[in-house]
Amino acid sequence: MVSPVVPPSAVPPEQALLAVDMQGYSRIPEARMASVRSDLDLVLTTVLVQSGLKPPRADDPAFKDTGDGAIFVLPAGDVALLVDPLLGHLHSALTRYDRERLAASPPLRLRVAIHVGPLSQPDHRGDAINDVCRLLNSTALRTALSAAREHDGFLAAAVSDAAFRRTVRAGRTQELPENQFLATTARVQDKPDFAEPCHLYVPRLVPQLLAPYLSTIPSPPAAQAADPVTASEPGSTQPSGSVAAPVHAAHGPAPAFQFNGEMHDTTVAQDIQYLRIDRGGR
């Protein structure tokens with residue numbers, strides 16, 4: 001049977017994309033790489049099924065093994081499930097894996113990118129694949145995973161603006177409302193022409209705590225001129241060239257304090273908006 005000829009002007013159907021990359025895979029001893037990758041594949045397959053999604057077969061063009069991760073191409077209608085419940089299931093699976101893994105096995109820390117866009121059939125080629133890979137490798141997402149690691153986390157996710165508008169902003173992710181995401185701009189160090197809005201999610205790390213990590217990322221000179229940094233209220237998800245630190249009222253950046261004992265001063269206590277308790281012993 002001869003496949004119909006598709007005219008070049010025809011826009012191919014949209015697909016949902018999930019890209020995953022494991023931090024530090026290249027530093028794992030070669031003798032252990034296969035077993036660690038097998039563990040990753042099992043985790044990904046499990047959470048896809050838990051989320052009501054059908055994992056592509058290894059020989060399916062909709063699945064691409066990238067060595068230290070994978071790219072999954074799914075129907076566009078599944079994009080909301082990739083955000084919620086998949087990110088929640090993935091966070092739980094990685095936490096459980098870390099609790100049960102052997103001491104010799106490295107933890108699984110993952111960067112995840114979610115996007116939706118047109119792809120040609122059946123080879124799944126198009127800008128959407130390039131964009132989800134660049135989102136996965138963006139400085140913002142790498143920084144978010146470093147922040148997650150500092151808070152004993154194992155996952156950082158970036159949702160493209162197109163996917164975010166159709167899922168989170170449209171109210172299709174009940175467990176992950178919009179205020180759990182931090183809006184920023186995704187850039188890749190060696191791709192100066194790529195600068196796309198995205199929305200970061202790090203489990204158990206609210207945007208107000210994540211924002212200061214991203215504020216240290218230098219913006220390219222052209223971006224600084226085009227997108228001046230504008231301070232925003234806590235909880236704001238306004239994207240900018242770099243992310244401003246949380247702001248308290250209209251009086252500048254919210255101060256951060258560290259208390260080493262009980263605190264009874266009501267002048268300070270009544271003004272606290274976000275509290276992080278470090279239970280680590282000294």
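Start by selecting Pro122, which is exposed at 60% relative accessibility; the cut-offs are under 20% relative accessible area for buried, over 50% for exposed and partly exposed in between, with a 1.4 Å probe and protein chains only. Before going further, a word on what you're looking at: this is a predicted model, where local features need pLDDT of at least 70, side-chain atom pairs count only at pLDDT 80 or more, and totals for chains, interfaces and linings use all residues. Residues are numbered from 1 along each chain as its sequence is written, and side-chain values use heavy atoms, with hydrogens and water left out.

Stay on Pro122 and look at its peptide bond: the one from Gln121 to Pro122 is cis, with omega near 0°. Pro122 sits in the loop between strand 4 (110-118) and helix 4 (127-136). Helices here are DSSP runs of H or I with at least four residues, strands are runs of E with at least two, and both are numbered from the N terminus.

Where is the next cis peptide bond to look at? One joins Asp84 and Pro85, with omega about 25°. Pro85 belongs to the loop between helix 2 (79-83) and helix 3 (86-100). For background, most residues other than glycine have a negative phi, and most peptide bonds are trans.

Glu175 is in the loop between helix 6 (161-166) and strand 6 (182-188), and at a relative accessible area of 62% Glu175 is exposed.

Next, zoom out to the whole protein chain. Of the 282 residues in the protein chain, 40% are buried. Looking at contacts in the protein chain with a separation of 6 or more, 71% come from residues 24 or more positions apart; contact means heavy atoms within 4.5 Å.

Time for some helix packing. Two packed helices are described by the angle between their axes and the distance between the axes. Select helix 1 (residues 30-50) and helix 3: their axes come within 9 Å and cross at roughly 145°. The axes are lines fitted to C-alpha atoms, for helices over the stretch in contact, and angles run from 0 to 180 degrees between N-to-C directions. Helix 1 passes helix 3 in a right-handed crossing; right-handed means the near helix is turned clockwise from the far one by less than a right angle, left-handed anticlockwise.

Which residues meet there? Show Asp39, Val43, Leu44, Val47, Leu48 and Gln50 from helix 1, facing Leu86, His89, Leu90, Ala93, Leu94 and Tyr97 from helix 3. By class, this contact of helix 1 with helix 3 has nine nonpolar, two polar and one charged residues. Here Ala, Val, Leu, Ile, Met, Phe, Trp, Tyr, Cys and Pro count as nonpolar, Asp, Glu, Lys and Arg as charged, and the others, Gly among them, as polar.

Now switch to helix 5 (residues 139-150) and helix 7 (residues 207-214), whose axes come within 9 Å and cross at roughly 120°. That makes helix 5 oblique to helix 7: angles under 35 degrees count as roughly parallel, over 145 as roughly antiparallel, 65 to 115 as roughly perpendicular and the rest as oblique. The contact is made by Ala140, Thr143, Ala144, Ala147 and Glu150 of helix 5, with Leu210, Tyr213 and Leu214 of helix 7. Six of the residues in this contact of helix 5 with helix 7 are nonpolar, one is polar and one is charged.

Asp152, in the loop between helix 5 and strand 5 (155-160), has a positive phi of about 60° although it is not a glycine. Asp152 is exposed at 57% relative accessibility. Arg204 also has a positive phi, about 65°, without being a glycine; find Arg204 in the loop between strand 7 (191-201) and helix 7.

Last stop: cysteines. Cys133 is partly exposed at 26% relative accessibility, while Cys198 is buried at 1%. How many disulfides are there? The count is zero, taking a disulfide as a pair of cysteine sulfur atoms within 2.5 Å.
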